[in-house]
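I opened this notebook to record what I looked up in one structure, entry by entry.

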Amino acid sequence: MAGKPQNRLELRRQYEAAEDLDPVEDDAGVVLDDVDDEDEGERKPKKKKPAPKSKAKSTKTAKPAARMRIVWNVVNDAFKTVATFEYAQKAEAEAKAEELNAKGKGTFFVQKSKEPMPDDAPGLGATITRATPPPPKVVPEAELEAEEEEEEAEEEDEDLDEEEDED
């Protein structure tokens with residue numbers, strides 16, 4: 001185990017003294033500078049090739065997923081579609097399958113499947129037509145003044161009636 005730690009100031013003096021005693025560092029810097037000066041005159045400056053310009057990568061905008069809709073298909077036992085119905089018409093699709101089964105020419109059943117929506121279908125981005133509310137009634141100023149006068153007259157009558165009741 002080491003002895004008592006030395007004084008901080010004393011340690012600092014020793015460190016600074018050690019820096020001054022190291023002559024190798026000072027001479028090495030001077031020698032390297034001299035060598036560089038001699039080499040510059042003899043060597044031809046090399047032309048640096050310009051760095052190849054990297055092309056900016058074009059980012060492709062991701063196409064939105066195709067809109068799909070669900071339809072009911074009446075299918076035979078070979079999975080060949082015989083008829084197609086909208087999603088809301090499931091009852092009609094089942095009736096068609098029963099009708100074809102009753103004929104006895106094979107087995108038919110209803111199966112739902114997804115298919116791409118037609119381009120002209122309403123939905124995202126489509127304008128929805130809405131009935132505009134009727135404009136508010138415009139009452140001529142003459143009628144408004146007449147109504148205000150009537151209300152004032154009624155209030156005065158009520159006030160007079162109250163005064164008579166008090167007497």
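The entries below go through the strands, the hairpin, the core and the salt bridges.

**Entry 1: what I am looking at.** The model is predicted, so I noted that local features need pLDDT of at least 70 and that side-chain atom pairs count only at pLDDT 80 or more, while totals for chains, interfaces and linings use all residues. Residues are numbered from 1 along each chain as its sequence is written, and side-chain values use heavy atoms, with hydrogens and water left out.

**Entry 2: the strands.** I took helices (H or I, at least four residues) and strands (E, at least two) as DSSP runs, numbered from the N terminus, and I counted two strands as paired if DSSP finds at least two bridges between them. Strand β1 (residues 68-76) pairs with strand β3 (residues 108-116) in the antiparallel sense over nine bridges, and within this pairing arginine 69 has glutamate 115 as its bridge partner in β3. Strand β2 (residues 81-86) also runs antiparallel to β1, joined to it by five bridges, and here I found threonine 84 in β2 as the bridge partner of asparagine 73.

**Entry 3: the hairpin.** The hairpin of β1 and β2 has four residues between the strands, and in that loop lies phenylalanine 79. I noted its phi, near 60 degrees, as a positive value in a residue other than glycine. Most residues other than glycine have a negative phi. Phenylalanine 79 counts as exposed at 58% relative accessibility.

Is asparagine 76 buried or exposed? Asparagine 76, which belongs to strand β1, counts as buried because its relative accessibility is 16%. Its side chain reaches the backbone nitrogen of lysine 80 at 2.8 Å, which I read as a polar contact (a pair of N or O atoms within 3.5 Å; within protein, one must be able to donate a hydrogen and the other to accept it, and residues adjacent in sequence count only if both atoms are side-chain atoms).

**Entry 4: the core.** A nonpolar core is a set of buried Ala, Val, Leu, Ile, Met, Phe, Trp, Tyr and Cys residues joined through side-chain atoms within 4.5 Å. The largest one has eight residues in all: Trp72, Val74, Ala83, Phe85, Ala93, Ala97, Leu100 and Phe108. Two or more residues each come from β1, β2 and α3 (90-103), and α3 gives the largest share, three residues.

**Entry 5: the salt bridges.** I counted a salt bridge where a side-chain nitrogen of Lys or Arg is within 4 Å of a carboxyl oxygen of Asp or Glu, and the structure holds three. In one of them, arginine 12 and glutamate 16 have their closest N and O atoms 3.5 Å apart; both lie in helix α1 (residues 8-20), four residues apart, about one turn of the helix.

Arginine 69 also meets glutamate 86 in a salt bridge (3.1 Å, N to O), a pair that links distant parts of the chain, 17 residues apart.

Note on methods. Buried < 20%, exposed > 50% of the residue type's maximum accessible area, 1.4 Å probe, protein only.
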